[in-house]
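Let us walk through this structure step by step. Keep the sequence and the 3D view at hand.

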Amino acid sequence: MHFDELIGHLGQHTVDGLSKGAIYALIALGYTLVYGVLRLINFAHSEVFMVGTFAVLILWTQLGVQNNPPVGQAILFLVLGLVVAAVASGGTALALERIAYRPLRRKNAPPLIFLITAIGLSLVFVELFGQVLPKLLGTVLPEAFGRPRQIVGMPTIIQQETLFTIGNTAITNIQLIVFVAAVAMMALLDWFINRTRYGRGVRAVAQNPETAALMGVNQERVIMLIFVLGGIMAGAAALLWSMRFGFTQNSIGFVLGLKAFTAAVLGGIGNLRGALLGGLFLGVVEVYGATLFASNWEDVIAFVVLIVVLMFRPTGLLGESLGRARA
Amino acid sequence: MIDKIRSADRRRVGILTSVGDRWRALPKWQKAIGVVALLVFLYHLPYLGKLPGGLMIPGLNNLRTDSIEGGNNWAGVLFVCAIYVLVAIGLNVVVGLAGLLDLGYIGFFAIGAYSVALFGSVNSPVVKWIQQEFNLPPTWAVTWGICLLLAIVLTMISGVLLGWPTLRLRGDYLAIVTLGFGEIIRIVARNATGVTNGPVGISAIPGPEGPPSADNKVFGLIDAKPWYWLAITFVLLMVVLVRRLEHSRVGRAWLAVREDEDAAAVMGVYPFKFKLWAFAMGAALGGLSGFLFGSRNAFIDPTQFNANLSILFVAMVVVGGSGNMIGVSLGAVLLAYLPERFRDFADYRWLVFGLAMVLVMILRPQGLIPSRRRARELKDRAAEAEEAPAHV
Amino acid sequence: MSDQTTSTSAPKIPAQPGPRSVLLEVDDVTLRFGGVVALDKINFQIYEGEILGLIGPNGAGKTTSFNVMTGVYKPTSGAVRFRGQKVTGRKPHQISQLGISRTFQNIRLFPEMTALENVMVGTDSRHKTSVPGALFRLPRRKPKPHELPQVTAASGIVRNWQQVRRTFAKTFGLSRHILEERAAEAKALELLRFVGIADRANDEARNLPYGYQRRLEIARALATEPKLICLDEPAAGFNPAEKEELLTLIRNIRDMGLTVLLIEHDMRLVMGVTDRIVVLEFGRKIAEGAPAEVSRDPRVIAAYLGEPADDAA
């Protein structure tokens, strides 16, 4: 137990945790949106994120991005990356909905059937990117699919450097970008759900599908919308991940997805602001825990948090409600 | 296209159902002959396609995995199939009968394997510590039979420990929590180097004849046939035991809880108790299969227990037909055998399993084998009932 | 209207010695959901051996009070006592053990199980076999002569086998599991006959016709050996002939010595079969008494029977 280390650099660990948690939060939004409306755990959402990272990877390698480009180019690459990742992830999420979930919904299948389907889909995507695409595209896109199941590095768009220090806490440019970008995306989504006509439809369906249908809300369109929105958020997370960690792999989604799900549950699944809070909280707890014990226990901490939250407060910190997100 | 598949599927199910009905209609002694024939077939499987004197039967011989280039030892593959069948039967108790989706089954499998490794191998830190504490000779370790009991008891306890807090959760939450549990077990096995040797793993795990060595007459490292026979014996024993549960008050309670938990509770079934039992029984079976796996392998390390296997186990159950022992066994054999026999397929097996899960869930959520459930039926007395007046 | 009115006008109850004992007591029960008062200080008793009707317009709190009595909801204040024991706060299966059973307004059978198995789940609640008992067929006891396996075949290997089984049972006894299974099956079949659906005993519940499903629910509820059986709109969707049969069935249940609580919309049914009626409106009790009295009560007429009331006849 390294209490001294934790207490001595509490600020630093908190900042590290927050920037880590911001990515969890963005992914968690996907779980929360779908759960809020459909009461279903979209287990394959982690793969939506994974596809986003590959989209960014392919874009950057095809553009021939070099390490540490000038600021103007860097911004261009990031914006392009965001667009491409959002399209890829949003498209993947939409495809999942149309191909797998819609037929099940038509049959009114029980939740566990959805979950098993989602697990199957997750496996399919992991294998698609780890095994099939390397076979098919190994020569065309060697940077992304050179070998099956490889870890692939990405060009460094922004060199990590300390922006400013408060006490003994150093805040880097990347941490700041990740945090600000994630919060901005979430604020945008929050605005969309709470202030626009489309968002009102989403909230109506989340609260009471039957009444919403009677009021003329197109439920199918709302469902497509939430999958796309969740996908876009995962795409944003994929971009931030690529920028911060600079690598990806076909199996990257599994643990990250579980953690994002934990974050969603922690904040109160179905609750958008809860996802932010849960993500940040989980990120901080993880960094604290990893400091206290050892970094290889990090994943265990997340799972233990999940179990403890579900046992003692299954509705999460803020309670479950997409419908009453404004309250 | 999909309609064609559907109608073909209906025909297939029709055939299977009529075969099943005919089997049930057979007199008892004919059923007994059928069962004996099945037993002979199962125990004879390692010799599939081989005649005395080195002759081969072409069609059957091609089914063997060692008939292809670089194929694995046939009896070894059979052993793996048997282990997976055991896993499927155990997971079926949890998923199929009690309706609880357990995505962390690999955790119990790992605990079973680690039980025999930690207590039975002279290389394990635990055994070394016990030797020191009690001044035992360096060759001392817990015998295989006691390890077997330990494996079952420890997995049952861990099943209860996992189930106690989590079984009150909604079904889909439970699934995710169990997934986390499986990962925790693996990470603990990897990180707790002082107990489990960590990533280095544990070797010299004993078999029924003691530690693995070239001198072992029956359960050696090379010949897998005795291991297969041992595993299939356990499988048959467990089939009998699980059938006993299915056909009892317990089985009915599980089904009732699966179908409508609230209604079951109002009818006097305590759902939590029976779910916990399902978890414990499932865990024990997972532990037993892990135990056999560790014992045969003689070496285990944490990488053998990753979360993908949990998903594979669930795939075996749902693809085969959850709730139905024949179905899940078939699922297990298919998923273990196909990648071994068709090596080109091996690279894509996870993809195919994933696709199979999705397709089965969308097209046929009951699984491949129609779950004409072993409903309890009145036989002669039903006829008598029809004659009785509608109101007493 | 006072609570005492019943004693003067309850002639349908079979002659019982001594004062009638209270089986279930709803004592000042209030239930709030957030700001909504679902039940407001409800008081009434159910006496042993009677058929009590609980009526009221939609949303009056009938099913809610029913759910409080069977432990689904916990009242905000007040208590429900069953033979002096508190029902409030117990788990549903414990309440079933106490001797309260119920059916559901929207049928909730176990659809994939046969009719027989559905009822057996109910009978199981009085049995003991659990996992160890089923696995190892323990404990065993010496069977009574009629419980032994019978030797029926005239000769041959079948006869030998039957003899072996009989000897085995004589020597080692029979397990509680076997005996309980037999008892459960026999009892379940008897109940299926009692409600009149034994001809479909082997059919899965989901394949049964609607009327059979309703009656199967009653059989399943009876199987738990209750003292009090609560029927939640058992006649919903029935035609007049079926309703008539149901009336007979309810009377038969009472004649078995059970107490019946009946929630029902159909006024004719309630008037025809109940000994007493409790009327709820907006979560309050507005009347209680014999059917004839209640149907004359102006508040009840205003609240519920206001429509052209040919029912009262």
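The angles run from 0 to 180 degrees between N-to-C directions, and axes are lines fitted to C-alpha atoms, for helices over the stretch in contact. Helices (H or I, at least four residues) and strands (E, at least two) are DSSP runs, numbered from the N terminus.

This is a predicted model, in which local features need pLDDT of at least 70, side-chain atom pairs count only at pLDDT 80 or more, and totals for chains, interfaces and linings use all residues. Residues are numbered from 1 along each chain as its sequence is written, and chains are lettered from A and ligands numbered from 1 in the order in which they are written.

Start in chain B. Helix α5(B) covers residues 105–120 and helix α13(B) covers residues 271–297. They pack at an angle of about 50°, with their axes 6 Å apart. α5(B) and α13(B) are therefore oblique to each other. α5(B) passes α13(B) in a right-handed crossing. A crossing is right-handed if the near helix is turned clockwise from the far one by less than a right angle, and left-handed if anticlockwise.

Two residues are in contact if their C-beta atoms, placed from the backbone, lie within 7 Å. The residues of α5(B) that meet α13(B) include B:Phe108, B:Gly112 and B:Val116. Among their partners in α13(B) are B:Gly287, B:Phe291 and B:Gly294. This contact divides into 12 nonpolar, 8 polar and no charged residues. Here Ala, Val, Leu, Ile, Met, Phe, Trp, Tyr, Cys and Pro count as nonpolar, Asp, Glu, Lys and Arg as charged, and the others, Gly among them, as polar.

B:Val153 lies in helix α7(B), residues 144–166. Is B:Val153 buried or partly exposed? It is partly exposed, because 13 other C-beta atoms lie within 10 Å. A residue is buried at 20 or more such atoms, exposed at 12 or fewer, and partly exposed in between.

Now turn to chain A. α4(A) and α10(A), residues 219–245, pack at an angle of about 140°, with their axes 7 Å apart. That makes α4(A) oblique to α10(A). Their crossing is right-handed.

How do the chains meet? 33 residues of chain A are in contact with 32 residues of chain B. The largest share of chain A's side, 15 residues, comes from α5(A). By class, that side has 27 nonpolar, 4 polar and 2 charged residues. Of the 2 pairs of chains in contact, chains B and C share the most contacts. No contact joins chain A and chain C. Their closest C-alpha atoms lie 14 Å apart.

Chain C has 11 helices and 12 strands. Of its 313 residues, 43% count as buried. An open sheet of 4 strands in chain C has the order β2-β1-β4-β5, with antiparallel pairing. Its edge strands are β2 (36–47) and β5 (85–86) of chain C. Two strands pair if DSSP finds at least two bridges between them. β1(C), residues 22–33, is joined to β2(C) by 8 bridges. C:Leu31 stands opposite C:Leu39 in β2(C). Helix α1(C), residues 62–69, packs on the sheet, touching β1, β2 and β4 of chain C.

Key: Angles under 35 degrees count as roughly parallel, over 145 as roughly antiparallel, 65 to 115 as roughly perpendicular and the rest as oblique.
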